[in-house]
Each structure stands twice: as C-alpha cells, then as structure tokens.
Amino acid sequence: MTAKADSFDPHQADPRAFREALGRFGTGVTVITCATRDGPLGITANSFSSLSLDPPLVLWAPAKSSARYPHFMAAERFAIHVMGRDQFDTCRGFARDGDAFDRIAWEEGEGGVPLISGSLSCFECATTATHDGGDHSIIVARVTRVTTRAGEPLLFFGGAYGTFDPAS
C-alpha cells in the first residue's frame with residue numbers, strides 16, 4: 001500500500017519539509033578536493049552530476065555558507081572522488097573537517113590537487129564556468145583525467161548513509 005502523498009508550496013512551508021522532500025532522492029557520495037595556499041582541502045558533497053559526454057563535463061554545487069566555499073570557487077583545478085561503501089569514515093571526516101588528509105592515503109595530482117586513494121572513480125577537473133544557484137553556486141568543469149575501479153557505492157538517502165541493494 002502506498003502512503004498518502006503530502007503536497008505543499010515550498011515558499012510557504014517549513015524549510016525542513018522541502019529539505020526532507022529533496023532527501024527522498026538517493027544520491028552517490030563524493031569528496032571534492034583542491035589545493036590551497038594553506039594545503040589540501042576537501043569537502044563531502046552529494047551535489048555532483050554528469051553534464052556532457054562530448055566534451056566531458058561535470059558539475060557540482062558548493063554551499064555559499066560553507067567556510068570552504070571561497071577556496072573551491074577560486075580553484076582552477078579540483079578532483080571529484082566517488083566514494084565506495086568502504087569509505088564512510090573518509091566521507092564523515094571531510095563532512096566535519098576540510099583537513100582530514102592525515103587519516104587517509106592520498107597523493108598530489110596535476111596542479112597539486114589532492115587525489116584520494118581507493119575511490120570508485122576520481123575525476124580530475126578544470127573549472128570552465130560558475131553560475132549563481134541561490135544559496136549555492138554551480139561549478140561546471142571539464143574532466144581532464146579519470147581513474148576508476150570496481151566496488152560497491154556509498155549512497156545518501158533521507159539524511160543517512162547506506163548501500164545499494166539491486167532489485168532482482
């Protein structure tokens with residue numbers, strides 16, 4: 001039996017209700033990294049999407065309220081890491097602190113961009129455009145290199161991390 005649907009105007013409803021409705025969309029989990037004058041920086045995000053295959057473009061959307069926001073907006077190069085099921089602690093570390101590199105294996109990529117070892121996919125990127133997106137900005141980037149491996153994804157749904165159980 002399907003539960004009764006709740007319909008509301010997001011401009012007039014409690015903002016939490018809109019956030020919870022958005023949380024019904026399950027997403028993958030990424031950690032995005034860049035180099036700064038103060039060292040490597042990372043942030044956990046689920047606002048990642050493919051945009052174009054030709055040319056190879058992706059996008060992500062950092063929150064303007066984040067203390068890390070100015071660094072990512074200024075970064076000409078960055079990396080998006082699609083995280084595996086076994087990387088929950090890494091995701092949690094970068095959700096709390098942009099400097100969680102001392103707890104993980106990583107190396108420097110082109111332009112000094114930190115690359116996290118063991119992610120399911122790593123997209124090394126060069127920013128091509130930025131756009132206003134309300135309380136976020138939208139960063140569009142050209143993918144310059146991809147590293148990928150097999151594995152189970154880490155997912156985010158309804159405010160919680162989980163895994164994928166494919167339907168038979």
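**Rings, strands and loops**

Modeller: The structure holds seven aromatic pairs, where rings of Phe, Tyr and Trp (its six-membered ring) pair if their centres lie within 6.5 Å, with planes under 30 degrees apart counted as stacked, over 60 as edge-to-face and the rest as tilted.

Biologist: How are the rings of phenylalanine 94 and phenylalanine 101 placed?
Modeller: Their centres are 4.9 Å apart and their planes stand at 70°, so this pair is edge-to-face.

Biologist: And are those two buried or exposed?
Modeller: Both phenylalanine 94 and phenylalanine 101 are buried, which is said of residues under 20% relative accessible area, while exposed is over 50% and partly exposed lies in between (1.4 Å probe, protein chains only).

Biologist: What about phenylalanine 156 and tyrosine 161?
Modeller: The ring centres of phenylalanine 156 and tyrosine 161 are 5.2 Å apart with planes at 65°, so that pair is edge-to-face. Phenylalanine 156 is partly exposed at 25% relative accessibility, and tyrosine 161 is partly exposed with a relative accessible area of 30%.

Biologist: Which rings form a cluster?
Modeller: Trp60, Phe72 and Phe78 are linked into a cluster by ring pairs.

Biologist: Before I go on, what kind of model is this?
Modeller: This is a predicted model, in which local features need pLDDT of at least 70 and side-chain atom pairs count only at pLDDT 80 or more, whereas totals for chains, interfaces and linings use all residues. Residues are numbered from 1 along each chain as its sequence is written, and side-chain values use heavy atoms, with hydrogens and water left out.

Biologist: Okay, zooming out, how many helices and strands does the protein chain have?
Modeller: The protein chain has three helices and twelve strands, taken as DSSP runs (helices H or I, at least four residues; strands E, at least two) numbered from the N terminus. The radius of gyration of the protein chain is 17 Å, close to the 15 Å that the globule rule gives for 168 residues, so the chain is as compact as a globular protein of that length; the radius is taken over C-alpha atoms, and the rule is 2.2 Å times the number of residues to the power 0.38.

Biologist: How much of the protein chain is buried?
Modeller: Of its 168 residues, 35% count as buried, and along its principal axes the C-alpha trace spans about 50 × 40 × 35 Å.

Biologist: Switching topic, where does alanine 35 sit?
Modeller: Alanine 35 belongs to strand S2 (residues 30-36) and is partly exposed at 34% relative accessibility. Leaving aside residues up to four places away in sequence, alanine 35 touches Gly111, Gly112, Val113 and Pro114, where contact means heavy atoms within 4.5 Å. Alanine 35 and valine 113 are 78 residues apart in sequence, yet their C-alpha atoms are 5.0 Å apart in space.

Biologist: And proline 40, what does that one touch?
Modeller: Not counting residues up to four places away in sequence, proline 40 touches Cys34, Gly98, Asp99, Phe101, Trp106 and Pro114. Proline 40 is in strand S3 (residues 39-45), and its C-alpha atom is separated by 46 Å from that of alanine 3, 37 residues apart along the chain.

Biologist: Last one, which peptide bond is cis, with omega near 5°?
Modeller: That is the peptide bond from aspartate 54 to proline 55, and proline 55 lies in the loop between strand S4 (48-52) and strand S5 (57-60).
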